[in-house]
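Please look through the sequence and the model before reading on.

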Amino acid sequence: MKKLTLLVFGLIQTIAYSQTQDLASLASGKNVGMNALFDTKDNLYGYVSIYAYGKTDNKKQKFEYVILDKNLNPVANKEFEAGLLVSNYFGYVDFKGQIILQPSDINYLQAFSKDAAAPVSMVIDPKTNTVKPKVYYDYQEDGTFKEISQPKTFKEERKENRAEKKEKGYNYVSVVGEIKEGGYLALEYNDYGKYINKNSLIKFDDNKKEIWRYSYNTNGDKKVFSDLSILEKDENRIYGILRKVNDDDKTFSLLVIDMKTGKELSNKPITGLSPETIYNIDALSGIDNDKTFDDKVVLLGRNYISKENRGFARFILDKNNYNVDLKTISYKPDLSNHIPKLSADGGVENGYYLQTKDAYFMSDGSVGILSEKFKPAGQYNAPKTTDLVYINTDKDFKVKDVQVFEKEKSKWVNSDYLFSQYLNDGKDVVFFFRDYQKDQVTKEKKWNLFINTIIDGKFKQEVVPISEKDNYVVTPYVAKEGYILLREFNEKEKFNKIRLERLNY
């Protein structure tokens, strides 16, 4: 696992080893957010905490980041300026080992300003503790690259798009990204408003010279068109699902493209599931629904059998022979045998239905699915949640068992389910949730933390009380393996501490 480097310049107070940290004392600005940082292999890298200082002039404001390692030792900090449109940042680690601060909260009042433009991400180099705005690349229709350090204002973009549409009848659109396999990958197409066509996937070298171009949907219109969804890429190949639509007729194929030459290596039909299921196999709302192993890609999606009959679909791509293995589970009868009153469309008792919260992928192809009983808001009622439901499948995607965790009813904001972590090099998993429960002896309601491990296919649960003192809010958060981070927060008293607690699993 890559660790944060101890820095000389910009170093704030150094603690030899700490299991506790006061976020409020790390910087003089207002703490507006903190999130965990993971490396490209999903190992915990550390944390980033963001502080706001307010306006520096009519167009700028000041922020500060503080980087902590996974033991909560602060190792770097620096102030930087940004536009007025951004209110907070979310940090992540890219394939170069840089820490990217991506704008996460937007000040929408500023969006109506005549100078408003899309806020840019900030790039931190942990080796030198330097920070600068992210440079974006725009690929032009004439085949040239353009670097963009400051995006055009929304007003300028609308004006240019209207002029281009009037002149050509379409807007030329391109999206460019640097890739870990070397060079750049771009997608281009012509946007006519109600349809698009002349799609191309283009590979460039490090000097932005075009190496190859894969074109599709050349003459697409509203009724006859193609689109491509990329599932995975590596240094040798790009894997995707190519959909061809001819009015109501839809066909799908697994498209494999040589990363070095752009030539088709395979274009095998994908059949056996409904078109809606295959089209949405790489999109399951709100969760990470895929995991890549050395030789295969596993995805989890919805199974749209019919409007009234739903379930889950598992998609496994073998990267060696390009074979696709598709398996499905239906709510009825596959899960209704385990979950009382479960209907074919995922509904349970009293207007609640199963809402997927997370999925866990094991190297043998088995998948764990965590759902929650959710009731949408009505005209006079707030949204509600109750029990969590864990569905355990085997390597053939058959239901092994179902665990139902009874929970107290939660309204409006649901933060009972917390997070998960893979254990033992991805072979096993632990997931956490909490519940505000009544003590059977004292009759007082207190928070309990539920630690749920699946190791060697066997389920185990441990319950740990979360003590809250006075008016402090205690929130559990992800930590290094074997630990959990607890955040104690009280905004009025400017109390904002985090601490690591060892777990016993």
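**Sheets, cores and a buried aspartate**

Strand β20 pairs with strand β21, residues 296–304, in the antiparallel sense over three bridges, where strands are DSSP runs of E with at least two residues, numbered from the N terminus, and two strands pair if DSSP finds at least two bridges between them. Within this pairing, Thr292 has Val297 of β21 as its bridge partner. This is a predicted model, in which local features need pLDDT of at least 70 and side-chain atom pairs count only at pLDDT 80 or more, while totals for chains, interfaces and linings use all residues. Residues are numbered from 1 along each chain as its sequence is written, and side-chain values use heavy atoms, with hydrogens and water left out.

The two strands belong to an open sheet of four strands, ordered β20-β21-β22-β23 and paired antiparallel. Because β20 (290–292) and β23 (324–330) stand at the edges with a single partner strand each, one side of each is left without a neighbour in the sheet. On average, neighbouring strands of this sheet are turned by 20 degrees against each other, direction ignored, the axes being lines fitted to C-alpha atoms.

Another open sheet of four strands has the order β29-β30-β31-β32, again with antiparallel pairing. Its edge strands are β29 and β32 (458–466), each of which pairs on one side only. Between β31 and β32, which run antiparallel, there are nine bridges, and Trp447 stands opposite Ile466 in β32.

We turn next to the nonpolar cores. The largest has 30 residues, and those with the most contacts inside it are Tyr47, Leu72, Phe432, Leu449 and Leu485; a nonpolar core is a set of buried Ala, Val, Leu, Ile, Met, Phe, Trp, Tyr and Cys residues joined through side-chain atoms within 4.5 Å, and buried means under 20% relative accessible area with a 1.4 Å probe, protein chains only. Among the elements that give two or more residues to this core are β29 (417–423), β30 (428–438) and β31 (445–455), whereas β34 gives the most, with four residues. Apart from this core lies another, of 23 residues, which include Val298, Ile329, Leu354 and Ala359.

Asp358 has its place in strand β24, residues 353–361. Asp358 is buried yet has no salt bridge, and the nearest side chain of opposite charge, Lys357, is 9.3 Å away; a salt bridge would require a side-chain nitrogen of Lys or Arg within 4 Å of a carboxyl oxygen of Asp or Glu. A polar contact of 3.3 Å does join the side chains of Asp358 and Ser420, a polar contact being a pair of N or O atoms within 3.5 Å, one able to donate a hydrogen and the other to accept it.

Conventions. Axes are lines fitted to C-alpha atoms, for helices over the stretch in contact, and angles run from 0 to 180 degrees between N-to-C directions. Buried means under 20% relative accessible area, exposed over 50%, partly exposed in between (1.4 Å probe, protein chains only). Lys and Arg count as positive and Asp and Glu as negative; His and the chain ends are not counted.
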